[in-house]
Amino acid sequence: MQAPSTRAPAMPAPMKYLEDGPTYTPGQTPKDEAGRVFKLSSNESAVGASPAVAQVIRDHANEQHLYPDPDGYPLARALASAHKLNAEQIVTAPGSEALINWLIQGWADKGDEVLYSAHGFQAYRIRAVSHGAMPVAAPETGMHADVDTLLACVTPRTRILFLSNPNNPTGTFLAREALLRLRAALRSDVLLVLDEAYAEYVEEPGYSSLIDMVSDTTPNVVVTRTFSKFYGLAGLRVGWAYVPKRMVGPLNKLRGPFAVTRLALDAAVAALGDPAHQALARSHNRRWREWLEKQVRALGYTTTSSVGNFVLFQVDQGATGSRQLQAALAARGFITRLADQNGLPDWIRVTVGTEEAMHGFVAALQAVSRPQAVG
Ligand SMILES: *Cc1c(COP(=O)(O)O)cnc(C)c1O
């Protein structure tokens, strides 16, 4: 028998970067379910999902003992016909955040660099670190991603450039010409991922999706989309990517079969098939985002020009002021999101909600606001 040791036994240990790395901050969930609480912190749809989705879920309630299509192909087919794409180049996923994860896992090795714009979506940095890659944040100019700065940050170790367009949390976007210039100047072995999580909301003429640039002749452009925001299916977890043909096999291996549930696939197909509800989601968002932005500005706050389903505004008193303001709003039942994880500690993001939520939020903001410096 071994002599008893005073030292602790060795334990299985995860990679160090998994213990130390950043974790995603989800939008706060109201704690008091009894009270009147409006969650405006996760960019969830103000109008919810199409009634067709609820019907599909009821209709298919008794089919859930069956596996889904292993590759989510029924949804890929519906997406291909809705967007005039090639179904073979569509990769479905349980949320587009999973796609961000797989792209880094599959295309960036340990120590490789994953580049993104400084106020971009936090998942790029978090997932880079969780795979042992090096996150690199390129400074922005005037709350917009900056093509020249992004290009200047490319090094021989850069493998992926993530750009959320329009961006969360700033809500700003790069016009097509800027994106094409970025694409043209980027080394052809650097993957350019356009995260278009809010594309369906955008009506501004300068905006265009880069999905038509995804092809085998420009094999480094990928577009990701989600059903979580505009289509109101955040709870079911459905996202998809449009990728060059040669990327489909590796992505399918990373995903594995049956990753998107039967219910989620059926619901997403139903959501795609309801243009009236899509028009409602768009017009509600346009109307109340414009209204919200105007009211927030009238109280003296600076906002960005958001084209998403959220408004971002700056609090004069810095990081402490924004935390205090967020807490004061929460105490009145309005949960918002600090942008501190996106390098913007003095900014607060608020999701466009229902008419009731918007009126209530503006009244609460008015009540808790200190006078903002004019300028
Ligand atoms: C919400 C969001 C996502 C992730 O959405 P999923 O629910 O994982 O599909 C991806 N990118 C951006 C910019 C987002 O805001």
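How far apart do the C-alpha centres of domain 1 and domain 2 lie? They sit 24 Å apart. Keep in mind that this is a predicted model.

**Stop 1: the two domains.** Colour 16-44 plus 276-372 as domain 1, then 51-272 as domain 2. Now show the contacts between them: 32 residues of domain 1 touch 33 residues of domain 2. The area buried between domain 1 and domain 2 comes to about 2,700 Å², with carbon and sulfur atoms giving 59% of it. Select Tyr17, Val307 and Asn342 next; this trio supplies 24% of what domain 1 buries against domain 2, more than any other three residues.

**Stop 2: polar links across the interface.** Here the rule picks out 13 residue pairs in polar contact, both partners at pLDDT 80 or more. On the domain 1 side, the elements that give two or more residues are α1 (16-20), α10 (275-298), β10 (310-314), β12 (337-339) and β13 (344-351). Highlight α10, which gives the most to that side, with seven residues. By class, the side of domain 1 that touches domain 2 has eleven nonpolar, 16 polar and five charged residues.

**Stop 3: salt bridges between the domains.** How many salt bridges does the rule find across the interface of domain 1 and domain 2? Two. Pick Arg289 and Glu204: their side chains meet in a salt bridge at 3.9 Å, N to O. Then try Glu203 and Arg286, whose side chains pair up at 2.8 Å, N to O. Glu203 lies in the loop between β6 (191-195) and β7 (221-226) and Arg286 in helix α10, so this pair ties together parts that are 83 residues apart in sequence. Both ends are partly exposed: Glu203 at 39% relative accessibility, Arg286 at 34%.

Stop 4: Zoom to Arg159 and Asp112, with closest N and O atoms 3.5 Å apart. Arg159 belongs to strand β5 (residues 158-164), while Asp112 is in the loop between α4 (96-107) and β3 (113-117), so the bridge ties together parts 47 residues apart in sequence.

**Last stop.** Select Glu44 and Lys39, a salt bridge with its closest N and O atoms 3.2 Å apart. Glu44 is partly exposed at 33%, and Lys39 is partly exposed at 28%.

Terms used
Residues are numbered from 1 along each chain as its sequence is written. This is a predicted model: local features need pLDDT of at least 70, side-chain atom pairs count only at pLDDT 80 or more; totals for chains, interfaces and linings use all residues. Side-chain values use heavy atoms; hydrogens and water are left out. Domain bounds come from an automatic or database domain assignment. Contact means heavy atoms within 4.5 Å. Buried area is the accessible area (1.4 Å probe) that two parts lose on being put together, summed over both. A salt bridge is a side-chain nitrogen of Lys or Arg within 4 Å of a carboxyl oxygen of Asp or Glu. A polar contact is a pair of N or O atoms within 3.5 Å; within protein, one must be able to donate a hydrogen and the other to accept it, and residues adjacent in sequence count only if both atoms are side-chain atoms. Helices (H or I, at least four residues) and strands (E, at least two) are DSSP runs, numbered from the N terminus. Ala, Val, Leu, Ile, Met, Phe, Trp, Tyr, Cys and Pro count as nonpolar, Asp, Glu, Lys and Arg as charged, and the others, Gly among them, as polar. Buried means under 20% relative accessible area, exposed over 50%, partly exposed in between (1.4 Å probe, protein chains only).
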